[in-house]
Amino acid sequence: MEFDKDSLLKLGKLSKIKIDENKLSSLSSDLGSILKFIDRLQSIETDNVDPTSNSLDQSLVMRDDIALDENSAAEILENAPEKELDFFSVPKVIE
Amino acid sequence: MKAGLNLIEASELLANNETSSVELTKFYLDNINKGEELNCYNTVSSEEALKAAESSDKRRKEEKSKSRFDGIPIGIKDLFCTKNIKTTASSKILSSFVPTYESTASQNCINAGLISLGKLNCDEFAMGSTNKTSYFGSVINPWKSKNSEANLVPGGSSGGSAAAVAADLCIASLGTDTGGSIRQPASFTGTVGLKPTYGRVSRWGIVAFASSLDQAGPITKTVEDSAALFEIISGHDSKDSTSSIKQKENFYDNLNSSVKGMKIGVPKEFKSDNLSASTQKAWDDCKKLLQENGAELIDISLPHTMDALPTYYIIAPAEASSNLARYDGVKYGIRENGKNLIEMYEETRSIGFGDEVKRRILIGTYVLSSGYYDAYYIKAQKVRSLIKSDFNEAFKRVDAILTPSTPSTAFEIKNEPKDPVQTYLNDIFTVPVNLAGIPAISVPFANDENNLPIGLQLITNSFEEQKLLNIAKNVQDTINYAPNLDKWWIK
């Protein structure tokens, strides 16, 4: 099984990962091999089986609703590659 | 200083004033320096470690030690966020990230007075079984095959955590295990690796890979150390909504190595043609040993064992593709410029992620995309239910399950197969445990004909880590495995 070029490029767009032309062929065969491997599940009978999303037998724990003074703007912005005033800064977006 | 000290021995030396935390810390920093070639650490925090050691010695003098392990140096996988200390997940995209907060698991270590020597190398975002996907290069296994100089993989993803403990570059370490990332490297390096029940150790502040599978745990030299360090890092954390509300237990004090009357299950599906002869022999010898020590062996079946790996390679990449969406060049990490916002995202992620991480994001995006979601993702979640129910059935009949940890021992770094699926097969025995959310431990049992360590895996039902550690201790105490590792890197 192989991914054709167009579906691979579409997948790259959905994943926001630029795929280099020279990597297309090896990526196509790698992903094809993985897809073939995971396709083995299709033969398993699961009609009356509920899906498991989490193995813990416990409902999610909620915290008490108490206001905490943490995560200041300065701390949050500390690792931002680009910032202006108290904001993350990104390339101009014009539609 | 005696080489190869374990956590318990070090705590006794400190209690008897036969050493100090500063002396211990200096000794391990020196070992790290001598072992640089092994590439175990991404970051060594010498200054911070020595400062913390001085404070620990002061506390001890004033009889204000935080725990009996106060002052003992450990290493931390570079996946745990550590305040003011670089945390990279061994990825280029996070190569400059310095967290402003501390993960709960590493904070629990600080609260017990443990000293962090630095951050241990791992596969990029914990995706891999060889440590070769690290942006900072492969970790080298301190073990070498008899009659060969070739470098071997330490396993992964917690390869640095396992290799550092084996090579005595720290007394113990923290790792994480999503599909075998603690147990497989422990098996490849002759160390003890524990993956706790999902929910036992808080995931807060650990760089997320696959959130329904990720679990942190200790890699140590002995089962006693494993119990002690597990006790330190476990417990409910209100910051993690999947953290178990069960009370913290005294795993170390309650160790009891008797296996008399216990029922040990041996699953027939783990007998595979891919199993090396020496691993098969170790497995057989361990069955005999447990029987001689009073346990009863019971043949069991886990019919969906072979479906676990394909299930894992749908669920883990799906969750990863969602978790790794946060790396967009805006909030943290590197940014690569583009003509507009979308191009900036695409360039940043293309340059910032390595090949294996990209493969998993792409596959994850594929199985979650419209038209494939039910066929892959929901299907895998249903098979996950079947895998979990296999274990539930088995634990109605047995106390624990015994299997090999890995099909083979450590292999050469340059021999990794080109097809990624072949590499995935390393985790064939460990992955079912993560899908079921239950605890398991890898214990070194013997060396193979090339003098490389073989690990065996014990598995129990959810929250039965005490039983798991007790059986592991029985095995450890009976065989008395002595690593006998040649420190070839010290010239």
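This report looks at how two chains meet in a predicted model, and at the spaces found in the structure.

## Where the chains meet

Let's start with the contact between the two partners. Chain A contributes 50 residues to it, and chain B contributes 70 residues. Together, chain A and chain B bury about 5,400 Å². Carbon and sulfur atoms account for 64% of that buried area. On the chain A side, the residues that lose the most area to chain B are F37(A), L41(A) and N79(A), which together make up 12% of what that side buries.

What kinds of residues does chain A bring to the side that touches chain B? They divide into 25 nonpolar, 12 polar and 13 charged residues.

## Links across the contact

Now for the pairs that reach from one chain to the other. There are 5 salt bridges between chain A and chain B. One salt bridge to look for in the structure joins the side chains of K13(A) and E346(B), with a distance of 3.3 Å from N to O. Polar contacts also connect the chains: 26 residue pairs are counted between chain A and chain B, with both residues at pLDDT 80 or more.

Which helix of chain A gives the largest share of the side that touches chain B? That is α2(A), with 8 residues. In chain A, α1 (5-15), α2 (24-38) and α3 (73-77) each supply at least two residues of this side.

## The largest pocket

Next, have a look at the largest pocket, which holds about 1,100 Å³ of space. Its lining has 39 residues, and the closest to the pocket's centre are N71(A), Y101(B), W204(B), G205(B) and K239(B). You can see from these names that both chains take part in the lining. Sorted by class, the lining of this pocket has 16 nonpolar, 10 polar and 13 charged residues.

## The cavities

How many cavities of 30 Å³ or more does the structure hold? There are 4 of them. The largest cavity has a volume of about 80 Å³. It is lined by 14 residues, and those nearest its centre are A126(B), G128(B), S181(B), Y312(B) and D427(B). The lining of the largest cavity has 5 nonpolar, 7 polar and 2 charged residues.

The second largest cavity has a volume of about 40 Å³. Residues of chain B line this cavity, including G199(B), R200(B), S234(B), H236(B) and K248(B). By class, the lining of the second largest cavity has 6 polar and 3 charged residues, and no nonpolar ones.

Key
Residues numbered from 1 in each chain as written. Chains lettered and ligands numbered in written order. Heavy atoms only, no water. 1 Å grid on protein atoms, 1.4 Å probe; cavity = no way out; pocket = protein on both sides within 12 Å on 5 of 7 lines; lining within 4 Å. Points joined across faces, edges and corners; volume = space filled by probe spheres on them. Nonpolar A, V, L, I, M, F, W, Y, C, P; charged D, E, K, R; others polar. Contact = heavy atoms within 4.5 Å. Buried area = accessible area lost by both parts, 1.4 Å probe. Salt bridge = Lys/Arg side-chain N within 4 Å of Asp/Glu carboxyl O. Polar contact = N/O pair within 3.5 Å; in protein donor to acceptor, adjacent residues only side chain to side chain. Helix = DSSP H or I, 4+ residues; strand = E, 2+ residues; numbered from the N terminus.
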